[in-house]
Amino acid sequence: MSGGRGAAWFVDIDGVPAVVRRYRRGGLPARLSERHYVYTGLTRSRPWREWQLTQALFDRGLPVPRPLFAGLRRAGVFYEAALVTQRLPAAISLAEALAAGEPAVDWGALGATVARFHIAGVDHVDLNAFNLMWSGAGWHLIDFDRCRLGKAGGRWARSNCRRLARSLRALDIYDDAGWVAFDAAYSAAMPSR
């Protein structure tokens with residue numbers, strides 16, 4: 001099991017290493033109900049929307065885990081839900097890598113990866129150091145709950161990057177030189193306006 005509000009369980013499904021993540025609320029709404037959401041239809045549910053977006057990104061060849069399935073269980077007007085994705089082999093989050101003092105973090109490759117998502121129009125509303133994963137295949141982005149596709153590189157794109165920088169500072173793992181390399185690669189990859 002992995003920690004955090006969005007705790008995940010690592011399982012094996014017919015020989016496929018997978019990650020099961022149950023949807024859990026944070027902040028003030030969690031005081032009312034940590035795991036229950038109001039059901040307004042399948043296609044409007046959080047697991048359905050996240051599975052659809054993750055599958056679309058996977059189909060486009062973006063570095064995301066392969067979505068396996070999503071499910072929900074209704075109880076009256078409420079539902080609980082989970083999303084299952086294929087586990088990235090030997091993956092470590094950016095937060096874990098920096099906390100361990102990993103000197104080999106390739107900030108340029110990280111910036112170029114984030115730019116790929118922004119060029120594709122992915123507004124990742126929770127871009128943080130735990131949702132960027134390094135595996136032998138490079139950087140991947142995870143957790144697309146409440147994220148959306150929009151126009152490539154809108155105003156939200158730089159806001160996503162500022163959110164990532166805030167998360168690094170909050171975890172006390174911000175690296176000035178690393179961020180300069182990130183920003184240079186990100187800016188070089190983004191189309192000029």
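Q: How do β2 and β5 pair, and over how many bridges?
A: β2 and strand β5 (residues 78-86) pair in the antiparallel sense, with five bridges. Two strands count as paired if DSSP finds at least two bridges between them. Strands (E, at least two residues) and helices (H or I, at least four) are DSSP runs, numbered from the N terminus.

Q: Before we go on, what kind of model is this?
A: A predicted model: local features need pLDDT of at least 70, side-chain atom pairs count only at pLDDT 80 or more, and totals for chains, interfaces and linings use all residues. Residues are numbered from 1 along each chain as its sequence is written, and side-chain values use heavy atoms, leaving out hydrogens and water.

Q: Okay. What joins β1 to β2?
A: Six bridges, between β1 (residues 8-13) and β2 (residues 16-22), and the strands run antiparallel. Asp12 has Pro17 of β2 as its bridge partner.

Q: And how many residues sit between β1 and β2 in the hairpin?
A: Two, and Asp14 in that turn has a positive phi of about 50°.

Q: Switching to helices: at what angle do α4 and α6 pack?
A: About 40°, with the axes of α4 (residues 107-119) and α6 (residues 176-189) 7 Å apart. Axes are lines fitted to C-alpha atoms, for helices over the stretch in contact, and angles run from 0 to 180 degrees between N-to-C directions. That makes α4 oblique to α6; angles under 35 degrees count as roughly parallel, over 145 as roughly antiparallel, 65 to 115 as roughly perpendicular and the rest as oblique.

Q: Which residues make that contact?
A: Among them are Trp107, Leu110 and Val114 of α4, and Trp179, Phe182 and Tyr186 of α6. Contact means heavy atoms within 4.5 Å.

Q: What about α5 and α6, how do their axes cross?
A: They cross at roughly 165° and come within 12 Å, with α5 covering residues 155-170. The two helices are therefore roughly antiparallel to each other. The contact includes Cys161 and Leu164 of α5, plus Trp179 and Phe182 of α6.

Q: Back to strands: in what order do the three strands of the open sheet come?
A: β6-β8-β9, with antiparallel pairing. The edge strands, each pairing on one side only, are β6 (92-93) and β9 (138-141). β8 (residues 132-135) and β9 share four bridges, and Ser135 has Gly138 of β9 as its partner.

Q: Which strands does α4 lie across?
A: β8 and β9, and α4 runs at about 40° to β9.
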